[in-house]
Amino acid sequence: MSHVMTDDVKIRVANLDFFYRDRAILNDVNVSFAKHAISTLTGPSGVGKSTFLMTLNRLWENLPDAAMTGRVEIELQGKWQDVYARGMSVTDLRKMVAMVFQAPNPLPMSIRKNIAFPLKLSGETNRQTVAARVEQALQMANLWSEVKDRLNDDARTLSGGQQQRLCIARALVMEPEVLLLDEPTSSLDQASTAVIEELLVGLKDRLTILVVSHYQEQVMRISDNIVRFDGNTVVAQTEK
Amino acid sequence: MSHVMTDDVKIRVANLDFFYRDRAILNDVNVSFAKHAISTLTGPSGVGKSTFLMTLNRLWENLPDAAMTGRVEIELQGKWQDVYARGMSVTDLRKMVAMVFQAPNPLPMSIRKNIAFPLKLSGETNRQTVAARVEQALQMANLWSEVKDRLNDDARTLSGGQQQRLCIARALVMEPEVLLLDEPTSSLDQASTAVIEELLVGLKDRLTILVVSHYQEQVMRISDNIVRFDGNTVVAQTEK
Amino acid sequence: GSLDVFKGESGVLKISGGTAHIPVMKDVAKKIMVINPDIQISIAGGGSGVGIKQVGEGLVDIGNSGRIATEEEISRYQLNLYKWAIDGVAPVVHPNNPVKALTKTQMIDIFSGKLDNWKMLGGADRKINVYTRDEASGTRAVFWKKGLDKAQMTTGAHVVVSNGAMKSAIAQDPYGVGYVSVGHIDASVAPVALDGVVPTIESVQDGSFKIARGLYSNTKGEPHGLTKKFIDFLYTTDGKKIIEQRGFIPVR
Amino acid sequence: MKKIGELVAERAFFLSAVASSSITIGILVFMVFMGLPLIREGGGYHLLLKSWSPYQGSFGIYPMIVGTAAISFLSLAVAFPVSLGCSFLIATIAPKPVSRGLRRIIELMTGIPTVIYGFVGIFLVVPLVREWFQSGSGMCVFTAALVLGIMISPTMTLFFSDSFDRIPRSYLDAADALGASHVQKLLYVMLPAAKKGMLNGVILALGRAVGDTLIALMLAGNAVRVPASVLEPARTLTAHIALVIAADYESPEFRSIFACGVVLYLFTMAVTFLVRYISYAEDRKP
Amino acid sequence: MRLRILERLTVLFAWAAGLMLLCAVFLLMGYLFVKGGRAVDLSLIFGDASPLQALLFKQRVFDGLFPAIVGTLVLILLSIFWAIPIGIATGIYLAEYAGGRVKRVLDALFDVLSGIPSIVIGLFGFSFAVFLHKQYSNDIGPCLLISSLALSFLVLPYIIRTTQAALEGISPRFRLTALALGATRLQNIFLVLIPKSLSGIMSGIILAIGRCAEDTAVIMLTGAVASAGLPRSLFSQYEALPFYIYYISSQYSNPDELMQGYGASIILLSLCALLFAVAYGIRKGLSHFIFYRP
Ligand SMILES: Nc1ncnc2c1ncn2[C@@H]1O[C@H](COP(=O)(O)OP(=O)(O)OP(=O)(O)O)[C@@H](O)[C@H]1O
Ligand SMILES: Nc1ncnc2c1ncn2[C@@H]1O[C@H](COP(=O)(O)OP(=O)(O)OP(=O)(O)O)[C@@H](O)[C@H]1O
Ligand SMILES: [Mg+2]
Ligand SMILES: [Mg+2]
Ligand SMILES: O=P([O-])([O-])[O-]
């Protein structure tokens with residue numbers, strides 16, 4: 001409930017309500033997230049954590065019967081912006097507020113093309129630039145060494161952990177300012193989980209990270225800041 | 001592994017193997033279950049607990065690509081019967097060895113019709129008898145007082161816990177000798193869970209109960225007998 | 001009057017074949033069915049060839065034809081022929097077409113595809129759209145024999161399935177030319193004078209228009225019952241009146 | 001008691017399946033049987049390559065095969081872009097309410113009877129074509145293909161929309177979350193993913209176009225000649241059957257329409273198996 | 001930049017295509033209604049006869065569509081009557097009993113059947129009628145019975161497929177529910193699975209009805225004629241709306257007949273649109289109705 005109102009704040013959410021049809025999923029959520037930190041969102045299943053993430057990049061707008069009221073502001077490109085303002089371009093927003101889903105979702109194309117996909121979307125056609133940024137993103141996601149010899153393979157042939165890192169790399173290639181991750185390790189084994197946790201901790205210098213996680217130990221290991229959801233709203237926010 | 005070989009035994013399973021296509025799910029399972037007792041089956045997810053329950057009432061035979069070998073004997077109507085014997089009628093077997101699924105599965109009809117459904121299947125048409133047995137079953141499942149005024153409502157309008165008790169009542173209406181329950185409380189809240197546990201404990205005088213459960217506390221609370229599955233077979237059987 | 005014989009009759013009468021006959025058949029059938037609702041008469045087209053074959057096979061009671069059945073057909077199916085009207089087959093064009101007279105040679109050239117622009121005949125500079133009938137047509141057979149002297153018809157011709165369809169096709173196409181039963185000609189199409197003779201029912205009757213033919217109803221063996229009464233009716237005064245109204249010359 | 005009921009029922013279901021599937025086979029056998037004498041006499045390929053002039057004793061169906069091919073491919077050329085565009089609109093480009101409304105309308109359009117397209121075609125499209133092009137009668141390959149194209153577009157659009165609908169949710173989420181615009185999602189994710197399904201749609205639509213009788217019969221002019229241009233009349237196999245059915249059952253004309261039947265039947269089989277093969281290959285993709 | 005242009009063009013192209021299709025169809029239908037709208041009245045259907053007398057079959061209708069409408073309705077009823085039992089039974093067999101090779105072969109056969117052009121089915125029906133005529137009885141020829149049988153072949157795949165799809169779409173959990181309560185396979189099918197999939201099956205049947213109502217190619221070869229009056233028996237020839245429209249379109253003999261053609265088109269179109277609307281509307285409600293019937 002408490003508002004963190006320092007210069008370090010990256011995201012401010014105020015009076016957020018969310019509905020599927022007439023069912024209230026989130027009710028008067030007020031919360032802020034710090035810059036260059038990992039915030040974890042926890043809480044029982046079905047409480048609306050995934051839904052909350054989608055309110056930050058407006059992804060819910062593609063769902064049928066979903067409705068939202070409230071205010072979401074993010075400091076983007078150095079200035080505070082109302083995410084739901086009229087002039088805001090959804091596609092630009094989503095490039096700056098990247099998202100990684102619970103189940104890895106590589107596109108049905110080669111590894112290289114998967115990573116280059118966001119560049120293609122923004123009209124980048126210079127092959128050299130693309131190649132360089134693909135490599136850089138894969139490096140950041142700790143995946144480069146494992147896939148550099150098979151960049152043209154179908155991305156769906158990678159293992160689960162590799163696919164999850166591929167999705168992180170794909171989210172990173174546009175150099176977003178915020179990275180949202182929805183239970184990024186829930187379908188992975190211990191070893192892959194460790195790799196990804198390490199990766200996230202390494203990334204927090206560059207960007208602001210929000211992770212939904214069920215695992216208490218994981219939450220403890222990586223978070224700077226814990227946000228607990230329950231009964232349709234945020235019930236506690238703890239800084240570590 | 002140990003065979004309980006007393007008079008109190010209700011179910012004997014010997015050398016049971018189970019396959020989906022070529023994948024072995026259960027491997028050389030040998031286990032017995034006591035009469036008038038609650039046995040709980042536990043073990044990690046995907047180990048084959050639900051599958052095992054289905055071998056007792058031959059429900060797996062309706063799944064494509066499933067195959068089984070081994071011996072299952074149940075003492076029914078006072079004498080030992082080989083469940084997979086030639087002369088055994090599957091439908092009679094399933095009336096005596098009733099099953100309740102993990103997610104409550106009311107049929108899309110009224111509460112009354114749901115409970116009366118097994119009676120309809122066996123050709124019972126006397127309205128008085130049906131009404132009496134419906135009431136009796138609902139009483140046994142501790143649901144009568146809650147639904148007696150709305151017996152003609154759609155069963156799917158009941159709450160999750162009520163639906164689960166409805167399914168138990170529907171299983172009880174045929175007066176089975178064995179009741180199989182697959183994680184009957186996993187989708188329920190604490191309060192509903194308590195009601196159902198109490199109900200099961202109350203029922204064990206009348207019949208033999210097998211429950212699959214993940215929850216250690218629950219297992220401890222209600223079981224007379226714990227069967228642990230792991231690595232495709234039964235690894236421990238403990239009597240309390 | 002002459003419809004009295006149908007009183008008390010009942011049953012089904014199936015007619016098919018020549019499409020030139022259809023207007024007369026419909027009028028007669030209606031008259032009979034109004035008088036006696038127990039009689040059911042169904043009328044289908046198909047063309048003369050179909051009429052002859054179907055009556056021969058026993059699929060219908062009366063098979064109409066716009067040409068005389070061949071010796072081979074008559075003997076194979078034991079046909080009885082009843083010629084009840086005289087008709088002609090006339091080339092027709094759209095009423096707006098300035099070309100309303102042709103020589104026989106020109107007509108043969110048009111239908112065989114040698115002459116393919118109206119300009120060559122003093123009309124608009126547009127391709128000539130030739131319309132013909134399917135091979136089962138008696139009208140086609142007569143026109144081919146007596147009008148085209150058995151010259152080969154162009155394969156590029158549009159094919160329509162009945163006299164009625166020919167008339168409405170030509171009525172719609174300002175650059176079309178085809179041929180229909182003289183009885184069918186009305187204001188929607190213009191008959192084309194052939195070697196100076198305008199095809200009308202009169203010129204057919206007096207023999208100056210050469211492409212003439214009879215309209216026949218054929219039965220398999222001796223007709224009896226309803227079939228016989230139906231055919232007999234065509235020769236009564238009432239029958240002849242209908243035939244005349246529909247633009248044909250009744251026989252006898 | 002109950003056991004017997006079960007067995008009887010199963011037997012009845014099975015016999016129904018046998019009976020209804022034997023129709024498929026029965027039709028083929030019958031067609032071949034009826035067409036056989038002619039095929040045997042003239043040689044099958046002869047029949048397929050000769051022209052149609054019964055008075056000269058030639059009963060080939062070559063012009064009709066060409067006519068069918070011309071009209072159906074041209075109608076695909078009309079229907080494909082239109083359907084593609086409409087399915088794009090429905091899939092992402094149009095706003096939700098518009099897309100939903102459009103889909104409803106298109107579904108409804110699949111219910112318009114063929115004969116009505118033909119009817120309006122004769123009185124509206126034929127004169128228009130005649131005047132536009134200042135040539136021919138208006139009853140020609142072009143007119144038939146145009147109307148046929150309009151007629152199969154709704155079906156084809158729905159085939160396309162269905163293949164878009166079958167794209168896994170995760171691909172769409174990925175594209176959305178990466179900031180793809182509607183068109184980008186469509187072009188770079190949905191279109192490649194739905195390619196195979198759409199190919200099936202095209203093949204099935206071709207099957208429809210080839211199998212249609214009324215449009216060609218009413219609008220194409222039915223001349224038995226290989227058309228030299230799209231403004232000339234032509235006859236399809238289906239129209240040929242409808243026109244020649246009128247002949248004598250013993251005659252070679254009548255036999256030849258069974259050859260048409262066999263050709264159409266075999267074409268249908270080819271379409272079916274091609275589509276099944278493509279779907280099968282698609283299912284086996286990783 | 002090249003991509004950007006492609007994207008722009010795609011949007012333009014899509015809207016253009018959508019507009020074109022809608023325009024084309026509204027033009028076609030608009031033309032029909034504008035030209036023919038005023039033809040639709042009672043005398044279009046009943047001619048000179050009194051509507052009441054005609055509906056009671058006491059008076060014959062000569063210059064109206066009544067016989068054609070009745071012919072079409074009778075034809076639909078008969079075809080559906082043949083196709084429904086065998087179609088649903090086959091659908092059940094495919095979904096619930098067939099497996100492996102048998103299922104694959106049957107699937108392929110029904111795919112082929114659903115693709116056979118209707119004129120080929122008509123040709124089959126016609127020559128079969130002639131065959132029966134020659135071999136067995138002089139009374140059989142192209143007629144209502146043959147037409148309805150041929151049409152039922154045409155729509156059989158619709159009914160089979162929708163039944164099969166509706167049954168196969170039922171979740172495995174739902175499928176096991178009644179079985180676990182001791183239901184036999186047949187009880188499960190008739191008490192649970194069919195009621196559950198009834199909306200799907202019904203909408204398939206209605207689509208099949210629509211197909212019967214609009215088909216022309218089959219009936220023009222198997223017994224529909226220009227003029228026959230009301231059908232009297234299964235072995236009589238008959239009139240039907242779509243055939244009437246086809247017939248008028250090429251051989252109307254005066255403007256009045258042509259107007260009747262327009263009127264018939266509007267009636268047939270409305271009938272088919274109605275069937276379609278019902279088919280889409282019914283998808284939801286029906287199984288609810290069955291389960292809750294008191
Ligand atoms: N598209 C949707 N339409 C309707 N209801 C939905 C939809 N998506 C989710 N819900 C409902 O909204 C609620 C919140 O869902 P959400 O996925 O946000 O929960 P969560 O906190 O992420 O849960 P979990 O930890 O299980 O992922 C749930 O009750 C869910 O059933
Ligand atoms: N119909 C099926 N076809 C093929 N494989 C199946 C089928 N049902 C279950 N399995 C597989 O069999 C294994 C055992 O499944 P089962 O449902 O019996 O596990 P379980 O012990 O009940 O797990 P849980 O606790 O998650 O319910 C799993 O790996 C599952 O993926
Ligand atoms: Mg979630
Ligand atoms: Mg389980
Ligand atoms: O009169 P016909 O239809 O045979 O030309």
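This is a predicted model: local features need pLDDT of at least 70, side-chain atom pairs count only at pLDDT 80 or more; totals for chains, interfaces and linings use all residues.
Residues are numbered from 1 along each chain as its sequence is written, chains are lettered from A and ligands numbered from 1 in the order in which they are written, and side-chain values use heavy atoms, with hydrogens and water left out.

**Stop 1: chains D and E**

Select D:R276 and E:D111, whose side chains form a salt bridge at 2.9 Å, N to O. Next, select Helix 1 of chain D, residues 2-42. With 20 residues, this helix gives the most to the side of chain D that touches chain E; helices here are DSSP runs (H or I, at least four residues), numbered from the N terminus.

Now display the whole of both chains. Seven pairs of chains touch, and chains D and E have the most contacts among them; contact means heavy atoms within 4.5 Å. On chain D, 80 residues take part, and on chain E, 79 residues. The area buried between the two chains is about 6900 Å², and carbon and sulfur atoms give 82% of that area. Buried area is the accessible area (1.4 Å probe) that two parts lose on being put together, summed over both. Select D:F13, D:F119 and D:F123: these supply 10% of the area that chain D buries against chain E, more than any other three residues.

Eleven residue pairs, both at pLDDT 80 or more, are in polar contact across the interface of chain D and chain E. A polar contact is a pair of N or O atoms within 3.5 Å; within protein, one must be able to donate a hydrogen and the other to accept it, and residues adjacent in sequence count only if both atoms are side-chain atoms.

**Stop 2: the domains of chain E**

Select residues 1-37 of chain E for domain 1, and residues 43-292 for domain 2; these bounds come from an automatic or database domain assignment. The centres of the two domains, taken over C-alpha atoms, are 33 Å apart. Seven residues of domain 1 are in contact with five residues of domain 2, and about 580 Å² is buried between the two domains. Highlight E:L32, E:F33 and E:G36, which supply 66% of the area that domain 1 buries against domain 2. The count of salt bridges between these domains is zero.

**Stop 3: ligand 1 and chain A**

Select ligand 1 and the residues around it (a heavy atom within 4 Å). Among them are A:Y20, A:R23, A:E183 and A:H214. An oxygen atom of ligand 1 lies 2.8 Å from a polar backbone atom of A:G48. For A:T51, a polar side-chain atom lies 2.5 Å from an oxygen atom of ligand 1.

**Stop 4: ligand 2 and chain B**

Move to ligand 2, where the surrounding residues include B:Y20, B:K49 and B:H214. Select B:V47, which has a backbone N or O atom 3.2 Å from an oxygen atom of ligand 2. An N or O atom in the side chain of B:E183 is 3.4 Å from an oxygen atom of ligand 2.

Note on methods:
A salt bridge is a side-chain nitrogen of Lys or Arg within 4 Å of a carboxyl oxygen of Asp or Glu. Helices (H or I, at least four residues) and strands (E, at least two) are DSSP runs, numbered from the N terminus.
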